[in-house]
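Here are my notes for you, point by point. Keep the model open while you read, and look up each residue as it comes along.

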Amino acid sequence: MAWRAACIGLLLLAAPGLQAAPKAHDHGVASLSVAIDGRTLSIEFEAPLDSLLGFERPPRTDAERRSAVMLLALLHDGVRLFVPDADARCLPQPTTLQAPALQPGAHVAGDHADLLARIYFHCGRPQALRSLKLGLFKAFDRLQRIDVQIMGPQGPHKASLRPPASMLNLQR
């Protein structure tokens, strides 16, 4: 069990948004890290705001403010974009969002701004987690690719998804 916790810890440390070194900022490309540790399903989704909203700065107009509020609400309710296998009996836990450019009175340094969402589920039958239904490409038509890292009971693996993909296989 200790090795699994260590592997998940390493995956989460290497997850986008948590890296010490700067990473590339590619419009249209999002990162998704998925970890299964015991009964916990952890999902980290990071994308440039441009890929989600069409702009990467604090909202300037009423329409942009409404779009930002709707984006945050959509991601805060993780089950609208991430649906684990029903047989796994997963219940959503509190979600955390980091989008400094969307905070009231925000000033963005530089040309780029990202959003990081951490979404958690507590699963009654984690052994039944085989896939994760994704609504990301449907919700965000500016997304062109999602780079995925998965850490599960069978070890780590990677995937790359492109539209119209809506299902992520969690097993090798």
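**Notes on the core, the sheet and the disulfide**

1. Start with the largest nonpolar core, which has 43 residues; Leu32, Phe45, Phe82 and Leu168 have the most contacts inside it. By nonpolar core I mean a set of buried Ala, Val, Leu, Ile, Met, Phe, Trp, Tyr and Cys residues joined through side-chain atoms within 4.5 Å. Buried is under 20% relative accessible area, exposed is over 50%, and partly exposed is in between (1.4 Å probe, protein chains only). Several elements give two or more residues to this core, including β1 (29-37), β2 (40-48) and α3 (62-76). The top contributor is β6, with five residues. (Helices, H or I with at least four residues, and strands, E with at least two, are DSSP runs numbered from the N terminus.)

2. Now click on Leu168. Leaving out residues up to four places away in sequence, Leu168 touches Leu32, Val34, Arg130, Ser131, Leu132, Leu134, Val148, Ile150, Ala159 and Leu161. A contact here is heavy atoms within 4.5 Å.

3. Before going on, remember that this is a predicted model: local features need pLDDT of at least 70 and side-chain atom pairs pLDDT 80 or more, while totals for chains, interfaces and linings use all residues. Residues are numbered from 1 along each chain as its sequence is written, and side-chain values use heavy atoms, with hydrogens and water left out.

4. How confident is the predictor? The score is pLDDT, given per residue from 0 to 100; the chain's mean is 86, and 84% of its residues reach 70 or more. Be careful with residues 1-22, where the pLDDT is below 50.

5. Next, find the open sheet: three strands in the order β3-β7-β10, with antiparallel pairing. Two strands pair if DSSP finds at least two bridges between them. At the edges are β3 (82-84) and β10 (167-169), each pairing on one side only. Three bridges join β3 to β7 (residues 131-134), and Pro84 has Leu132 as its bridge partner in β7.

6. Last, how many disulfides does the structure hold? There is one, where a disulfide is a pair of cysteine sulfur atoms within 2.5 Å. Cys90 and Cys123 form it, with their sulfur atoms 2.1 Å apart. Cys90 sits in strand β4 (residues 90-92) and Cys123 in strand β6, so the pair ties together parts 33 residues apart in sequence. Cys90 counts as buried because its relative accessibility is 16%, and Cys123 counts as buried at 0%.

Conventions. pLDDT is the predictor's confidence in each residue, from 0 to 100.
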